[in-house]
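Here are some questions and answers on how a protein chain packs. Look over the sequence and the model before reading on.

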Amino acid sequence: MQRRDLLRQLGLIAGGLSIPNLVKAQEDKPTVPKRVLRVAHITDVHIEEAIPLVNSSKGFARCLHHIQNEVKPDLIINSGDCVMDAHKHRKGNVKKQWDLFNDVLKAENSLPVFHSVGNHDICCEGDSQSSFEDGKKWAMDEMGLAKPYYSFDNNDWHFVMLDSVQKKKDGSWYTANLDEEQFDWLKRDLKALPDNKPTMVISHIPILAACVFFDGNNMKEKDGRWEVPGSWMHTDSKQIAELFHHHKNVKLAVSGHIHLSDRVDYNGVSYCCNGAVSGRWWFGKYQHTEAGYAVIDLYDDGSFTNQYVSY
């Protein structure tokens, strides 16, 4: 009788809910994912010396202010093309561009930044492989990188920074893929992770994207075929996607390069091409995409959001 009186006082009998059912209701209550990290993804700044009609340094500073004041992320990921056409300019001009980029970043940003190399960052004279590698090494030095690809952990997430810009075998400028050494490293890096460690992959050039079909006149009307150059999207996309298939903890792969914003969900991985800080190379928006950056919220259950923001 004392137990029955106690239950009546608690309102459980009157409410038609017994103690076992109450416990079950509490267990079935869905848990809300907890955000563990906010990332700002910037790409394709394409800074250049102050010239008439273009003030890229002020634009870049405005972007950094917007990131820090409006969205307040924990860190910034920069996926390359910091400077403009390093392969076409003399070294003295390229050095001025890098100095301007780093001066703005140092003066206008207080957040940690993780970099990767873009094709425009590589200064090379001629078509030799050695010149290309020297140019990539220079870009790495400006970014403070010991290697062009690397990984790191932050809170519950693992981050993989790839080097997607390689010299073409025919000696022309570049193509998008992982060389054999880097691909072997990526396999080892992913294999070493716990199965429940959510992972985000960053590359300058998209591993997989839809917007590459609209970045130029890619439909060959003569034979009715779409054509996507290897300099616009990874030529080893299928190989990389197959690797991701064996590592279900890979949740998100982000890139830049195309200056357009899109998202492709394929086989459990979301591939987000996140526009460009410079928009149409500092002359407004490029096609339908405004100058901007992505705000990426990462959660403890491996879920995420990727939102493109115009500053």
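**Packing in a predicted model**

Of the chain's 311 residues, 52% count as buried. The model is predicted.

Q: How many helices and strands are in the protein chain?
A: Both kinds of element are present in the protein chain. The count is 7 helices and 15 strands.

Q: Are helices H4 and H5 roughly parallel or roughly antiparallel to each other?
A: H4 spans residues 91-108 and H5 spans residues 129-143. Their axes come within 11 Å and cross at roughly 25°. Angles under 35 degrees count as roughly parallel. H4 and H5 are therefore roughly parallel.

Q: How many residues of the contact of H4 with H5 are charged?
A: H4 brings Lys91, Val94, Lys95, Trp98 and Asn102 to the contact, and H5 brings Trp138, Ala139, Glu142 and Met143. The residues divide into 5 nonpolar and 1 polar, and the charged ones number 3.

Q: Which residues does Ile67 contact, leaving aside its neighbours within four places in sequence?
A: Contact means heavy atoms within 4.5 Å. On that basis, the partners of Ile67 are Ala40, Ile42, Lys72, Pro73, Ile76, Leu111 and Tyr293.

Notes:
Residues are numbered from 1 along each chain as its sequence is written. This is a predicted model: local features need pLDDT of at least 70, side-chain atom pairs count only at pLDDT 80 or more; totals for chains, interfaces and linings use all residues. Side-chain values use heavy atoms; hydrogens and water are left out. Axes are lines fitted to C-alpha atoms, for helices over the stretch in contact, and angles run from 0 to 180 degrees between N-to-C directions. Helices (H or I, at least four residues) and strands (E, at least two) are DSSP runs, numbered from the N terminus. Angles under 35 degrees count as roughly parallel, over 145 as roughly antiparallel, 65 to 115 as roughly perpendicular and the rest as oblique. Ala, Val, Leu, Ile, Met, Phe, Trp, Tyr, Cys and Pro count as nonpolar, Asp, Glu, Lys and Arg as charged, and the others, Gly among them, as polar. Buried means under 20% relative accessible area, exposed over 50%, partly exposed in between (1.4 Å probe, protein chains only).
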